[in-house]
Amino acid sequence: MRYYSVLCTIAGLLPLVVITVLSFLAKDFILFENYISDLGVSNYAVVFNSSLVIAAILIVPFILHLGKGYNYLKPVFFLAALAVAGVGIFPSLDPVHWYVSAAFFILAFLTILLAGIKIRSKPSGAISIFLALLCFAGLLVFNPFIETLQVYAIGIWIAAAGLLSKRVFGKKG
């Protein structure tokens, strides 16, 4: 496995591990009942916010190494990474937070959808399209429960992209 695939897998899993661990440690946070961004202003804010910024940095080499057939995906994926870093830099009490958070969700779902359309003939393509459409629909009834499902879906998809990158996102002319 190439280094950028490993970094992508870590980038997908790191925030999920941090969220899961902090949901047990933070006394004033209940997973599925609180918005995940509440961790960004908790006693563990530095850990949570840093994990988002680190994940954004770790994903960049993967984005840069996507094959030529995925050039259209690179800017959207990069902007999603930039937006998740913004969520870590601008915690939920900051007025900018809503904008970077909304941008992250929309751009992440768009990344998943566009990647799925490109690889639609593979099972992972159909799964990606379904996941993206389901996540977009979830925005209509956005609440802490839906947000948690969406965040875990995005993280797992990113980790899977790293693990499957040679077979799915391989460099082709």
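Ala103, at 27% relative accessibility, counts as partly exposed, a class that lies between buried (under 20% relative accessible area) and exposed (over 50%), as judged with a 1.4 Å probe on protein chains only. This residue lies in helix α4, where helices are DSSP runs of H or I with at least four residues, strands are runs of E with at least two, and both are numbered from the N terminus. Ala103 and Val47 are separated by 56 residues in sequence and by 22 Å in space, C-alpha to C-alpha.

Ser50 has its place in helix α2, and with a relative accessible area of 32% Ser50 is partly exposed. From Ser50 to Ile89 there are 39 residues in sequence and 8.2 Å in space, again C-alpha to C-alpha.

## Basis of the model

This is a predicted model, in which local features need pLDDT of at least 70 and side-chain atom pairs count only at pLDDT 80 or more, while totals for chains, interfaces and linings use all residues. Residues are numbered from 1 along each chain as its sequence is written, and side-chain values use heavy atoms, with hydrogens and water left out.

The 20 residues of α2 should span 28 Å at 1.5 Å a residue, and the end C-alpha atoms of the helix are 30 Å apart, which agrees; the expected span is 1.5 Å times one less than the number of residues. The buried residues of α2 include Phe48, Leu52, Leu58, Ile59 and Phe62, and also Asn49 and Ser51.

Ser42 lies in the loop between α1 and α2 and is buried, with a relative accessible area of 13%. A polar atom of the Ser42 side chain lies 2.9 Å from the backbone oxygen of Leu39.

## The largest cavity

The structure holds 1 cavity of 30 Å³ or more, a cavity being a set of points, on a 1 Å grid over the protein atoms alone, where a 1.4 Å probe fits but cannot get out. About 380 Å³ of space lies in the largest cavity, with grid points joined across faces, edges and corners and the volume taken as the space filled by probe spheres set on the points.

The lining of the largest cavity consists of 29 residues, of which Pro15, Leu52, Val84, Phe104 and Ile154 lie nearest its centre; a lining residue has an atom within 4 Å of a point. At least two residues of this lining come from each of α1 (3–25), α2 (45–64), α3 (73–89), α4 (97–118) and α6 (144–168). By class, the lining has 23 nonpolar, 5 polar and 1 charged residues, where Ala, Val, Leu, Ile, Met, Phe, Trp, Tyr, Cys and Pro count as nonpolar, Asp, Glu, Lys and Arg as charged, and the others, Gly among them, as polar.

## The largest pocket

The largest pocket has a volume of about 280 Å³, a pocket being an open set with protein on both sides within 12 Å along at least five of seven lines. Its lining has 13 residues, with Trp98, Ser101, Ala102, Phe105 and Phe142 nearest its centre. Helix α4 gives the largest share of this lining, 6 residues, and the lining divides into 7 nonpolar, 4 polar and 2 charged residues.

## Cysteines

The structure holds 0 disulfides, a disulfide being a pair of cysteine sulfur atoms within 2.5 Å. The sulfur of Cys8 is 16 Å from the closest cysteine sulfur, in Cys135, and this is too far for a bond. Cys8 is buried, with a relative accessible area of 0%, and Cys135 also counts as buried, at 6% relative accessibility.

Technical notes
Polar contact = N/O pair within 3.5 Å; in protein donor to acceptor, adjacent residues only side chain to side chain.
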